[in-house]
Amino acid sequence: APAEPSDIPPGYTCAQLRLYQGLGYTDDIIYQCVTPSVCVQLTKTHVKVFRDLNMLMARPDKRSLGSWTTWLGVLLFAGLGLVVVPGHKLLRAREQIITTLDTVIEFADYRSLCGLLEHLRAVVLRGRNIMHGLYHPHGPTGASVEGPNGLVHVTDLMHKQLERWLVLLSQAGGVSSK
């Protein structure tokens with residue numbers, strides 16, 4: 001049975017009443033809309049705002065229109081409710097972890113690895129604890145003191161966490177967004 005007006009809390013807005021939704025992170029913007037006509041109007045508005053503010057839009061090859069898109073380096077399949085990490089990102093993370101565990105690497109490369117793992121952590125819905133100990137080289141006694149060419153020496157805790165990440169990466173292809 002439909003809800004009676006008295007059953008609806010004051011100030012409640014049903015998410016299903018929205019005709020469109022927008023998400024943005026710096027210059028990476030994504031929109032979702034309910035019908036083709038809303039999509040046309042939303043696209044016109046987006047272009048007008050960018051022109052009025054004299055902002056550059058993304059290159060044509062980075063733009064997309066349809067039921068899926070790439071946003072912040074991951075694939076979003078709206079109709080399926082999936083967020084998918086491209087295979088090349090997973091392989092790059094795995095290769096960088098193995099290199100870090102097997103050799104002494106430069107801080108610049110290690111910092112890049114930590115950034116990639118933070119990105120993947122958000123996609124696969126893991127807590128901050130999965131990164132515990134991995135920021136030791138960033139600290140006042142770590143390799144960062146010597147600049148980007150400083151050598152990172154893996155501690156026992158870092159080794160344990162990177163081993164955990166190798167297991168996690170085998171399961172980190174994506175996540176349901178429903």
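**View 1. Who touches whom between α2 and α4 in this predicted model.** On the α2 side, Leu90, Ala93, Arg94, Ile97, Ile98, Thr100 and Leu101 meet His159, Leu162, Glu163, Trp165, Leu166 and Leu169 of α4 (contact means heavy atoms within 4.5 Å; helices are DSSP runs of H or I, at least four residues, and strands runs of E, at least two, numbered from the N terminus). By class, that contact has nine nonpolar, two polar and two charged residues (Ala, Val, Leu, Ile, Met, Phe, Trp, Tyr, Cys and Pro count as nonpolar, Asp, Glu, Lys and Arg as charged, and the others, Gly among them, as polar).

**View 2. How α2 and α4 cross.** The axes of α2 (residues 87–102) and α4 (residues 156–169) come within 10 Å and cross at roughly 155° (axes are lines fitted to C-alpha atoms over the stretch in contact, with angles from 0 to 180 degrees between N-to-C directions). That makes α2 roughly antiparallel to α4, the label for angles over 145 degrees.

**View 3. The largest pocket.** About 1,400 Å³ of space lies in here, a volume being the space filled by probe spheres set on grid points joined across faces, edges and corners. A pocket is an open set of points on a 1 Å grid over the protein atoms alone, where a 1.4 Å probe fits, with protein on both sides within 12 Å along at least five of seven lines; lining residues have an atom within 4 Å of a point. Of the 43 lining residues, Ile29, Ile30, Tyr31, Ser64 and Thr69 lie nearest the centre. Helix α1 gives the largest share, seven residues.

**Notes.** Residues are numbered from 1 along each chain as its sequence is written, and side-chain values use heavy atoms, leaving out hydrogens and water. Local features need pLDDT of at least 70 and side-chain atom pairs 80 or more, while totals for chains, interfaces and linings use all residues.

Terms used
Parallel < 35°, antiparallel > 145°, perpendicular 65-115°, else oblique.
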